[in-house]
Amino acid sequence: MLARSIFLTGCSRGLGLELVKQLVPYTDTLIATCRNPENAVELQELAEEHSNLKILPVDVLRHETFDDIAEEVSSIVGENGLNLLINNAGISPRSTRINFVTATAMAETFAVNTTSPLMLAKAFLPLLKAGAAAAIDDESEYCIKNSAIVNMSSVLGSISSNTGDRSGGLYPYRCSKAALNMVTRSLSSDLNPFNITVISIHPGWVRTDMGGPNAPLSAPESVESMISTLKELTFDKSGLFFNQNGEEIPW
């Protein structure tokens with residue numbers, strides 16, 4: 001088992017949907033969210049098949065609703081709190097070379113990719129503290145015995161890696177993921193006293209609507225690797241940036 005309880009955003013398609021499929025067997029409670037659950041046919045079918053899968057409507061741009069969502073999650077997980085928050089929802093605008101980038105695209109991408117994960121972590125902090133404090137025996141089947149926040153980032157947000165033939169451009173996406181990595185680093189410091197692990201993870205270049213048809217990894221391959229990496233997640237890794245295989249990426 002990976003964690004006692006998991007909350008996941010952006011689950012209607014792509015990596016999010018695949019994460020739901022593969023995480024269901026590894027948790028007692030998986031709360032999967034998307035903006036319009038009524039239109040997420042495959043997600044609804046999974047919920048019918050698995051009693052431990054709950055679906056909640058969450059619009060990550062409506063930050064003012066996050067406190068209410070946290071209350072609803074609390075009613076599901078109870079006094080044991082939340083053990084794993086995965087901020088997966090994200091967007092990547094097209095045509096973002098310097099001649100085409102717009103202020104609107106920058107603001108919208110930051111709102112989804114950077115601000116939402118931070119504000120969700122803030123709203124869920126009492127749940128995460130409770131999860132970290134709830135007693136889980138060292139010999140238990142759960143790999144994550146405290147609480148953790150996993151921010152879905154990208155190697156495109158690595159400043160050190162933005163060199164060579166494939167550098168530059170993609171301003172909204174690159175900048176928002178670099179900023180998300182700073183959120184990860186700051187949260188890891190602020191939440192250290194509460195035994196809450198915080199990391200960024202790059203899922204690899206994946207064949208999704210965002211990654212495109214030429215990406216080398218399928219969604220099932222990426223998710224399988226990420227879950228293996230999360231099974232090895234310990235508190236001493238907090239504040240770091242990994243790829244899907246568990247290899248550290250430079251900031």
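This is a predicted model: local features need pLDDT of at least 70, side-chain atom pairs count only at pLDDT 80 or more; totals for chains, interfaces and linings use all residues.

Guide: A word on terms before we start.

Visitor: Fine. What does the secondary structure of the protein chain come to?
Guide: The protein chain has six helices and seven strands.

Visitor: And in what order do the elements run from the N terminus on?
Guide: The order is β-α-β-α-β-α-β-α-β-α-β-α-β.

Visitor: Overall dimensions next. What box do the C-alpha atoms fill?
Guide: Along the principal axes, the box is roughly 55 × 40 × 35 Å.

Visitor: What share of the 251 residues is buried?
Guide: Buried residues account for 50% of them. The cut-off for buried is under 20% relative accessible area.

Visitor: Switching to charges. How many salt bridges does the count come to?
Guide: Two. One of them joins the side chains of Glu-42 and Lys-21, at 2.7 Å from N to O.

Visitor: Where do Glu-42 and Lys-21 lie?
Guide: Glu-42 is in helix α2, residues 41-49, and Lys-21 is in helix α1, residues 14-23. So the pair ties together parts that are 21 residues apart in sequence.

Visitor: Which side chains meet at 3.4 Å, N to O?
Guide: Those of Arg-62 and Glu-64, in a salt bridge. Arg-62 is partly exposed, with 45% relative accessible area. Glu-64 is exposed, at 57%.

Visitor: Now the surface. Which residues gather in a patch of negative charge?
Guide: Asp-67, Asp-68, Glu-71 and Glu-72.

Visitor: Take Asp-68. Where is its place?
Guide: Asp-68 is in helix α3, which covers residues 66-77.

Visitor: Why does Asp-68 count as exposed?
Guide: Because its relative accessibility is 52%, and exposed means over 50%.

Visitor: Give me a quick recap of the charged spots.
Guide: Glu-42 pairs with Lys-21. Arg-62 pairs with Glu-64. The negative patch on the surface holds Asp-67, Asp-68, Glu-71 and Glu-72.

Methods:
Residues are numbered from 1 along each chain as its sequence is written. Side-chain values use heavy atoms; hydrogens and water are left out. Patches are made of residues with over 30% relative accessible area and no salt bridge: like charges are joined within 9 Å, nonpolar side chains (Val, Leu, Ile, Met, Phe, Trp, Tyr) within 5 Å. Accessible areas come from the Shrake-Rupley method with a 1.4 Å probe; for residues, only the protein chains shown count as cover. A salt bridge is a side-chain nitrogen of Lys or Arg within 4 Å of a carboxyl oxygen of Asp or Glu. Lys and Arg count as positive and Asp and Glu as negative; His and the chain ends are not counted. The place of a charge is taken as NZ of Lys, CZ of Arg, CG of Asp or CD of Glu. Helices (H or I, at least four residues) and strands (E, at least two) are DSSP runs, numbered from the N terminus. Buried means under 20% relative accessible area, exposed over 50%, partly exposed in between (1.4 Å probe, protein chains only).
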